[in-house]
Amino acid sequence: MLLVLTGELDLVATVELDRRLAGAESLKPALIVLDLRGLTFMDSSGFVALLRADLRRRESGGDLMIVRGGVEITRIFEISDPGRRLPLVDGVPSARWIAA
């Protein structure tokens, strides 16, 4: 399942992200892909929301893949996730791969 994020991922937007992720997770897909390329801003609450999503996916036995955003968004991951816990990729995998 692919979720494309656009605009700003701040404290207010994380509420909507959590709601949409809950809906996606209820379908129990093997993989959820979050595409961050459309984000123009992300604060620490957005980053924490991604960490929570990753933890839920690991606990449920599913996978989470995060498509790297622009330079500003990627910098947040470099600063906040030095151990590279969150699974960043450079592009969206094929629909066939997502559905598997």
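**View 1. Isoleucine 66 has leucine 88, in β4, as its bridge partner.** The model is predicted, with local features requiring pLDDT of at least 70 and side-chain atom pairs counted only at pLDDT 80 or more, whereas totals for chains, interfaces and linings use all residues. Residues are numbered from 1 along each chain as its sequence is written, and side-chain values use heavy atoms, with hydrogens and water left out. Strand β3 (residues 63–67) and β4 run parallel and are joined by two bridges; strands are DSSP runs of E with at least two residues, helices runs of H or I with at least four, numbered from the N terminus.

**View 2. An open sheet is formed by four strands in the order β1-β2-β3-β4, with parallel pairing.** Its edge strands, β1 (2–9) and β4, each pair on one side only, where pairing requires that DSSP finds at least two bridges between two strands.

**View 3. Aspartate 90 lies in the loop that runs between β4 (88–89) and α4 (95–99).** Aspartate 90 is exposed, with a relative accessible area of 62%, exposed meaning over 50%, buried under 20% and partly exposed in between (1.4 Å probe, protein chains only). Leaving aside residues up to four places away in sequence, aspartate 90 touches Val67 and Arg68, contact meaning heavy atoms within 4.5 Å.

**View 4. The side chains of aspartate 90 and arginine 68 make a polar contact (2.7 Å).** Such a contact is a pair of N or O atoms within 3.5 Å, of which, within protein, one must be able to donate a hydrogen and the other to accept it, while residues adjacent in sequence count only if both atoms are side-chain atoms. The C-alpha atoms of aspartate 90 and glycine 69 are separated by 8.4 Å, with the two residues 21 residues apart along the chain.
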